[in-house]
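Colleague: Could you walk me through this model, one feature at a time? I would like the general idea each time, and then the case at hand.

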Amino acid sequence: MEKYILVFGTIFAAFLAGTFSYFNLINSKEQKVSEFRQAWIDAFRCELATLVSSVFFIAYYQSITKTHSASDIEASHKNYVSACAGLLTRINAQDPDIATNHINTVFLERLDELQTAFNKQDYVQVKVLANFLVDSSKPLLKAEWNRVKRGEKAYRRTKFFAGALCLFGLLTSVLFLNQFLTMS
């Protein structure tokens with residue numbers, strides 16, 4: 001009898017160790033994905049701030065000077081172009097999540113409107129559109145933050161599966177021990 005309980009205990013301990021190792025592996029991987037998402041959010045904010053500050057500086061410069069020197073705004077223009085390219089490459093216009101896809105589309109439309117006004121040198125409109133762009137970034141950043149908080153789908157599934165597996169293991173062990181205790 002004790003031999004069976006010892007064998008069962010060993011098997012059950014190995015089962016639990018394997019289950020928790022698997023869970024830890026998935027958790028570590030998904031934690032890294034969440035860290036990458038957080039880095040994406042931080043870089044997105046930085047690029048957005050660079051873009052907005054650049055267009056505001058260029059608009060201000062154009063409004064106060066009668067003679068325009070390209071060298072005076074060259075750095076801001078480079079920052080603007082770089083930030084636009086960075087933002088365009090960060091946004092997934094084909095996101096499979098419908099709500100996120102809509103948020104991304106609105107942001108990309110605002111960015112396109114800003115670029116069009118900037119290319120037309122309509123700096124009054126550029127400043128207005130820059131504020132709209134910042135406003136349209138808030139839901140996008142919130143959606144990404146919610147993804148980070150929730151965790152990735154694989155993490156959520158694994159967490160559920162690990163919990164169910166632990167419960168199954170516990171019930172099995174109780175039934176197994178009950179069976180052997182009634183045999184004695």
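Modeller: Gladly, and let us start with a single side chain. Contact here means heavy atoms within 4.5 Å. Not counting residues up to four places away in sequence, F44 touches L87, R90, I91, F107, S137, L140 and L141. Keep in mind that this is a predicted model, where local features need pLDDT of at least 70, side-chain atom pairs count only at pLDDT 80 or more, and totals for chains, interfaces and linings use all residues. Residues are numbered from 1 along each chain as its sequence is written, and side-chain values use heavy atoms, with hydrogens and water left out.

Colleague: Which residues touch the most other members of the largest nonpolar core?

Modeller: A nonpolar core is a set of buried Ala, Val, Leu, Ile, Met, Phe, Trp, Tyr and Cys residues joined through side-chain atoms within 4.5 Å. Buried means under 20% relative accessible area, exposed means over 50%, and partly exposed lies in between (1.4 Å probe, protein chains only). The largest such core has 32 residues, and F44, L51, F107 and L114 are the ones that touch the most other members.

Colleague: Which elements give two or more residues to this core?

Modeller: Those are α1 (2-64), α2 (70-90), α3 and α4. With ten residues, α1 gives the most to this core. As for the labels, helices (H or I, at least four residues) and strands (E, at least two) are DSSP runs, numbered from the N terminus.

Colleague: How do I read helix packing, and at what angle do α2 and α3 pack?

Modeller: Axes are lines fitted to C-alpha atoms, for helices over the stretch in contact, and angles run from 0 to 180 degrees between N-to-C directions. For α2 and α3 the angle is about 155°, and their axes are 11 Å apart. Angles under 35 degrees count as roughly parallel, over 145 as roughly antiparallel, 65 to 115 as roughly perpendicular and the rest as oblique. The pair α2 and α3 is therefore roughly antiparallel.

Colleague: Is the crossing of α2 and α3 left-handed or right-handed, and which residues make the contact?

Modeller: A crossing is left-handed if the near helix is turned anticlockwise from the far one by less than a right angle, and right-handed if clockwise. The α2 and α3 crossing is left-handed. On the α2 side the contact uses H77, Y80, C84, L87 and L88, and on the α3 side F107, L108, L111, L114, Q115 and F118.

Colleague: How are α3 and α4 arranged?

Modeller: Helix α3 (residues 98-119) and helix α4 (residues 123-150) have axes that come within 9 Å and cross at roughly 160°. They are therefore roughly antiparallel to each other, and their crossing is left-handed. The contact of α3 with α4 has 16 nonpolar, five polar and four charged residues.

Colleague: What should I look at in the loop between α3 and α4?

Modeller: Look at Q121, which is found in that loop. Its phi is near 60°, a positive value in a residue other than glycine. Q121 is exposed, with a relative accessible area of 56%.

Colleague: And is V126 buried or exposed?

Modeller: V126, in helix α4, is buried, with a relative accessible area of 0%. Leaving aside neighbours within four places in sequence, V126 is in contact with V55, L114, A117 and F118.

Colleague: Where would I find partly exposed positions for comparison?

Modeller: Helix α4 holds N131, partly exposed with a relative accessible area of 42%. In helix α2 there is V81, partly exposed at 43%. V81 and T50 are 31 residues apart in sequence and 9.9 Å apart in space, C-alpha to C-alpha. D72 is also placed in helix α2, and D72 is partly exposed, with a relative accessible area of 42%. With neighbours within four places in sequence left aside, D72 is in contact with F57 and Y61.

Notes. Nonpolar A, V, L, I, M, F, W, Y, C, P; charged D, E, K, R; others polar.
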